[in-house]
Amino acid sequence: MNIKEYISSGVLEAYVLGQCSASEKQEVELYALEYPEVQAELNSIRGALGEYALLEEKTPPAHLKEKIAAAVKKAVVEEPKKEVKVISLNGGKEVRAAQTNMFRWLSAAAIVLLLVCAGILYRTNAQLNRMEDEVAGLQVTNTELNRELQKQKDSYAQTEKTMQVMKEKMDVVTKPGIIPMELKGLQVSPDAKAMAYLDNNTKDVYLEINNLPKPPEGMQYQFWAIVKGKPVSAGMIDLCEQPDTCGIHKMTNIDAHAFAISLEKKGGSNDGPKGSIYAAFGI
C-alpha cells in the first residue's frame, strides 16, 4: 500500500470533518491503527481545524488548504460525471467514491470558508470594541480636563474679584480727609464688626462689613447715621456670602460722626430703628 498516496487522497480530511461514508470511516480507523503515519496526519488535521474553530488568529497549514482546493477542482472540473478511483489497498482491494464526493468536498470547503469568515468577523469586532473603549476613555479624560479648566477659571475669577475689591478699598482709605470709624458689636451680637469711612471733604460715607450674622428670612440690615442725636437712614445693607469679595459700599452722602447698624424688616424703617442694634460707633 502507498501510504503517501492514501494520505494525500483527501479521505483523512473528510473523516475529520465527518463527510466520509461508513465504509471509508471504518477503513480510516483501521489504517490509523496499522500505520503511524496515518494516525499522525489525522492528529495534525484535527489540531489545525480545532485551533481555527476556536477563532485563534492562526492560519491552517498550507498543505491542508491545497488538498481541499485540489479535491474540489478535481471533483468539479476534471471528473464531473464519472466515478473516481481513489486508492488501491491490500493487494488489489479498491475503494471507490461516488460522484457525490463532489458535494462532500464542497461542504468541507464551505466549512473552512465559514471558519475563515468567522475569524475575520471576530477580529474585526474585537478591534471595534477596543476602539470604542479608547473613545470612551478619551471622552472621560476630556470631561475631567474641562472640569479642571472650569475650576481654574472660577479660581481666577475669584482672585480677580478679590483684587478689584482690595483696589477699591485702597482707593477709599488712602483718600485725603478720610476718617475711619469702627462699628463694634453690641450685646445682641458681640462679634459683629464693620468699618465706616467718612470723607470729611465731600461727606461721602463708605461701609465695609467685616462680620454680621446672616439675617433671618424677611429681615435686612439698615445703616444709620446719627445727626444731631437723631438716627437718619443711610441705606440698606445686602450681605454677600464671601466678605472678601463684597468690597466697600458707598452709602448715602451725609454729615455725621456716629453710626449704627440695626436689623429691620426687609425694606427698612423710615423713622428710626425698630429692631435691635447690632453694631455702632460714637453712640
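Visitor: What makes β3 and β10 a pair of strands?

Guide: In this predicted model, β3 and β10 are joined by two bridges in the antiparallel sense; two strands pair if DSSP finds at least two bridges between them, so β3 and β10 count as a pair. Within this pairing, Lys184 stands opposite Ala280 in β10. The model being predicted, local features need pLDDT of at least 70 and side-chain atom pairs count only at pLDDT 80 or more, while totals for chains, interfaces and linings use all residues. Residues are numbered from 1 along each chain as its sequence is written, and side-chain values use heavy atoms, with hydrogens and water left out.

Visitor: How do you know that strand β4 pairs with β3 and with β5?

Guide: Strand β3 (residues 178-185) pairs with β4 in the antiparallel sense over seven bridges, and the bridge partner of Leu183 in β4 is Ala194. On to the next strand: β4 (residues 193-199) is joined by six bridges to β5 (residues 205-211), again antiparallel, with Lys193 opposite Asn211 in β5. The strands themselves are DSSP runs of E with at least two residues, and helices are runs of H or I with at least four, both numbered from the N terminus. By that count the protein chain has six helices and 10 strands.

Visitor: Why are β7 and β8 called edge strands?

Guide: The open sheet has eight strands in the order β7-β6-β9-β10-β3-β4-β5-β8, with antiparallel pairing. In that sheet β7 (230-237) and β8 (249-250) each pair on one side only.

Visitor: What makes Tyr221 and Tyr278 an edge-to-face pair?

Guide: Rings of Phe, Tyr and Trp (its six-membered ring) pair if their centres lie within 6.5 Å, with planes under 30 degrees apart counted as stacked, over 60 as edge-to-face and the rest as tilted. The ring centres of Tyr221 and Tyr278 are 5.3 Å apart and their planes stand at 80°, so the pair is edge-to-face. Because Tyr221 lies in strand β6 (residues 219-227) and Tyr278 in strand β10 (residues 277-281), the pair ties together parts that are 57 residues apart in sequence. The count by this rule is four aromatic pairs, and Tyr6, Tyr31 and Tyr35 form one aromatic cluster.

Visitor: Why is Asn43 called partly exposed?

Guide: Buried means under 20% relative accessible area and exposed over 50%, with partly exposed in between (1.4 Å probe, protein chains only). Asn43, in helix α4 (residues 36-53), has 43% relative accessibility and therefore counts as partly exposed. By contrast, Tyr221 and Tyr278 are both buried, and 33% of the 283 residues of the protein chain count as buried.

Visitor: What makes a group of residues the largest nonpolar core, and which residues have the most contacts inside it?

Guide: A nonpolar core is a set of buried Ala, Val, Leu, Ile, Met, Phe, Trp, Tyr and Cys residues joined through side-chain atoms within 4.5 Å. The largest such core has 23 residues, and those with the most contacts inside it are Leu183, Phe223, Ile237, Phe259 and Ile261. At least two residues of this core come from each of β3, β4, β5, β6, β7, β9 (259-265) and β10. A second, separate core of 17 residues includes Tyr6, Tyr15, Val38 and Leu42.
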